[in-house]
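Here is a walk through one protein model. Start with the overall figures, then follow the sheet and a helix pair.

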Amino acid sequence: MEWKELWSDLPTEIKWQFESHSKSIELKRGELVYRQGDIPKGMYFVKQGLVGLMLIGQASGKEHLLRFFRQGQFFGHRSLFSNEGYHGTSVAIEPTVLKLVPKEIIMMAIEKQPALLRDVVNVLSKELRRCETHQVMILENQILVRTAQAVVYLKDLHPEHNWTRQEIANFCASTVSTVIKALSELEDLNLIKQDGRSIHVLDRDGLIALQDNEIS
């Protein structure tokens, strides 16, 4: 669900509250939106750009990419409604513009318009299914989506580095052989082109869109 859908049926008064109290945030590539453990200030809506949600492994200290948030989508709501610190760190993958609606405005809207909470619960339910599907993918070693996400993330934020298959496998918490197979599948889909060790992105939007097929 996109943010425009989320409040499309809200009364004009509440929409005005959202717009008048929201804060526009412009981020450069690589800048953080929030860090793992930060206290939520509100809900973030992506007006332009791409945001990646990462989790830092407590034992390894390595980054693990959980998912992307694209233009029109929103994030930060799970921690906001659970009243706990963010479980991950979010970073701008490209120049990004966000709209931050403060927590108190969100809570006020839900009190006046319970249907908004229903829509948020609907989104949370889909995210829970995505999480369960993601666990099955790990168990079954099916990491096509995670490899696609890793290619976008690593190539966008660290374009100067020529990533090895081992480094990509480490990032995906997988094996080299599995990543090599996944990269071949992505190449067959005309999303990337492999030239020796180098990986060239042919369809960046297509790589990002693969994650949406997880919950279709």
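The protein exposes about 11200 Å² (Shrake-Rupley method, 1.4 Å probe). Carbon and sulfur atoms supply 51% of that area. This is a predicted model: local features need pLDDT of at least 70, side-chain atom pairs count only at pLDDT 80 or more, and totals for chains, interfaces and linings use all residues. Residues are numbered from 1 along each chain as its sequence is written, and side-chain values use heavy atoms, without hydrogens and water.

Of the 216 residues, 46% count as buried (under 20% relative accessible area). The secondary structure comes to 9 helices and 10 strands; these are DSSP runs, H or I of at least four residues for helices and E of at least two for strands, numbered from the N terminus.

Now the sheet. Four strands form an open sheet in the order β1-β8-β3-β6, with antiparallel pairing. Two strands pair if DSSP finds at least two bridges between them. The edge strands are β1 (23-27) and β6 (74-75). Strand β3 (residues 42-48) pairs with β6 over 2 bridges. Phe45 stands opposite Phe74 in β6. Helix α4 (residues 103-112) packs on the sheet and touches β3 and β8 (96-102); contact means heavy atoms within 4.5 Å.

Next, the helix pair. The axes (lines fitted to C-alpha atoms over the stretch in contact) of α7 (residues 165-172) and α8 (residues 176-188) come within 8 Å and cross at roughly 100°. That makes α7 roughly perpendicular to α8 (65 to 115 degrees). Arg165, Gln166, Ile168 and Ala169 in α7 meet Val176, Val179, Ile180 and Leu183 in α8.

Terms used. Buried means under 20% relative accessible area, exposed over 50%, partly exposed in between (1.4 Å probe, protein chains only). Axes are lines fitted to C-alpha atoms, for helices over the stretch in contact, and angles run from 0 to 180 degrees between N-to-C directions. Angles under 35 degrees count as roughly parallel, over 145 as roughly antiparallel, 65 to 115 as roughly perpendicular and the rest as oblique.
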